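Hi there,

Here is the structure I promised to pass along. Have a look at it first, and then read on for what turned up.

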Amino acid sequence: MKKWFDNLYEKNELSFALVWIGIYCVANSLANPVSEAVGINSSAALIFNSILTIALFMWIKKKGLTKYYGLCGTNVPVGRFLWYIPLILFMSHNLWFGFAVNFPAVDTACYILSMLCVGFLEEVIFRGFLFRALAKDNVKTAIIVSSVTFGLGHILNLFNGSGMDMAANLYQIVSAVACGFLFVIIFYSGGSLIPCIIAHSVNNAVSVFANEAGLTVEKRILFSAVNFIVVVAYALVLTKTLPKDKCADT
């Protein structure tokens with residue numbers, strides 16, 4: 001299997017990226033029903049995502065691609081990124097309506113650990129593999145496709161047993177496209193996925209403590225709009241102030 005992945009990567013990076021997107025989506029689509037059968041929320045997701053995380057990290061390290069895929073420090077002063085303060089706002093947005101313990105301790109722990117893996121996997125797969133493969137031909141196209149693909153991938157939450165309704169899923173998709181755009185700008189301009197992985201992982205993990213009691217459609221729309229504005233505004237500022245093409249040859 002390892003040799004097959006190596007050969008696929010060497011022949012076509014885009015196909016390699018698409019295969020990993022497929023593996024990730026299938027694994028997480030199966031996770032919810034398996035977890036329900038086990039009786040512990042997110043237990044299967046934790047197992048699947050932990051295995052994928054270890055496998056991906058070890059493969060990247062063995063191939064000497066840690067810098068190429070941004071698993072390194074940024075080569076741009078953090079002040080140029082406004083010290084990532086807008087990312088802190090983004091990471092906390094699931095707690096803007098308060099804090100709640102929504103699941104038993106074991107379920108909560110499984111969810112948090114699984115989401116930490118998800119942050120790593122989605123950043124490496126969408127911002128690393130997919131963006132890098134597409135950027136070889138056209139950077140602007142790579143930015144758009146990797147962002148939109150990442151957002152649309154969240155439509156799986158309607159069908160994988162997560163219990164998410166149509167309206168919530170639509171908000172999630174729009175937010176994910178915006179976040180995908182921001183994260184790819186950070187990676188492209190700074191050469192590091194680390195800030196993106198941290199922000200993505202923390203944002204996902206703390207969502208288990210989101211307080212949705214009394215959260216009306218109107219409040220949800222306002223909440224989503226504010227988060228969207230923060231993310232997009234930050235991304236647009238970075239496109240104007242950061243050096244271009246800093247990570248193209250790393």
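Is Leu82 buried, partly exposed or exposed? Leu82 has a relative accessible area of 36%, so it counts as partly exposed. Before going further, please keep in mind that this is a predicted model.

Leu82 sits in the loop that runs between helix 3 (43-62) and helix 4. Its phi is near 60 degrees, which is a positive value in a residue other than glycine. Most residues other than glycine have a negative phi. Tyr84 belongs to the loop between helix 3 and helix 4, and the phi of Tyr84 is likewise near 60 degrees. Tyr84 counts as buried, because its relative accessibility is 14% and the limit for buried is under 20%.

**Aromatic rings**

You will find 19 aromatic pairs in the structure. In one of them, the ring centres of Phe99 and Phe209 are 4.8 Å apart and the planes meet at 15 degrees, so this pair is stacked. Phe99 counts as exposed, at 55% relative accessibility.

Elsewhere, ring pairs gather Trp4, Phe5, Tyr9, Phe16, Trp20, Trp59, Tyr68, Tyr69 and Phe129 into a cluster. One member of that cluster, Tyr68, has Arg132 over its face, at 4.4 Å from the ring centre. Arg127 is placed over the face of Phe150, at 4.2 Å from the ring centre.

**The nonpolar core**

Which residues touch the most other members of the largest nonpolar core? They are Ile125, Phe129, Leu182, Phe183 and Ile186, in a core of 59 residues. Helix 5 supplies the largest share of this core, with 12 residues. In soluble globular proteins, nonpolar side chains tend to be buried together.

Phe183 is found in helix 7 (residues 166-190) and counts as buried, at 1% relative accessibility. Beyond its neighbours up to four places away in sequence, Phe183 touches Leu87, Phe90, Glu123, Arg127, Cys196, Ala199 and His200. The C-alpha atoms of Phe183 and Phe126 are 9.9 Å apart, with the two residues 57 residues apart along the chain. Ile186, again leaving aside neighbours within four places in sequence, is in contact with Phe81, Leu87, Gly191, Ser192, Pro195, Cys196, Tyr234 and Leu238.

**Two buried polar residues**

His93 is in the loop between helix 4 and helix 5 and is buried, with a relative accessible area of 7%. A polar atom of its side chain lies 2.6 Å from the backbone oxygen of Phe90. Not counting residues up to four places away in sequence, His93 touches Asn203, Phe223 and Asn227.

Ser146 lies in helix 6 (residues 139-152) and counts as buried, at 0% relative accessibility. The side chain of Ser146 reaches the backbone oxygen of Ile143 at 3.2 Å. Not counting residues up to four places away in sequence, Ser146 touches Phe126, Arg127, Leu130, Phe131 and Val184.

How many of the 13 residues of helix 8 are buried? The count is 10, so helix 8 is mostly covered under the cut-off of under 20% relative accessible area. Among them are Pro195 and Cys196, both contacts of Ile186, and Asn203, a contact of His93. The end C-alpha atoms of helix 8 are 18 Å apart, which agrees with the 18 Å that its 13 residues should span at 1.5 Å a residue.

Helix 9 has 25 residues and reaches 36 Å from its first C-alpha to its last, close to the expected 36 Å. Its buried residues are Phe223, Ser224, Asn227, Val231, Tyr234, Ala235 and Leu238. Phe223 and Asn227 touch His93, whereas Tyr234 and Leu238 are in contact with Ile186.

Glu36, in helix 2 (residues 13-38), counts as exposed at 56% relative accessibility. Glu36 and Ala55 are 19 residues apart in sequence and 25 Å apart in space, C-alpha to C-alpha.

Technical notes: Residues numbered from 1 in each chain as written. Predicted model: local features only at pLDDT ≥ 70, side-chain atom pairs only at ≥ 80, totals over all residues. Heavy atoms only, no water. Phe/Tyr/Trp six-rings, centres within 6.5 Å; stacked < 30°, edge-to-face > 60°. Buried < 20%, exposed > 50% of the residue type's maximum accessible area, 1.4 Å probe, protein only. Lys NZ or Arg CZ within 6 Å of the ring centre and 35° of its normal. Helix = DSSP H or I, 4+ residues; strand = E, 2+ residues; numbered from the N terminus. Expected span 1.5 Å × (residues − 1). Core = buried A, V, L, I, M, F, W, Y, C linked by side-chain atoms within 4.5 Å. Contact = heavy atoms within 4.5 Å. Polar contact = N/O pair within 3.5 Å; in protein donor to acceptor, adjacent residues only side chain to side chain.
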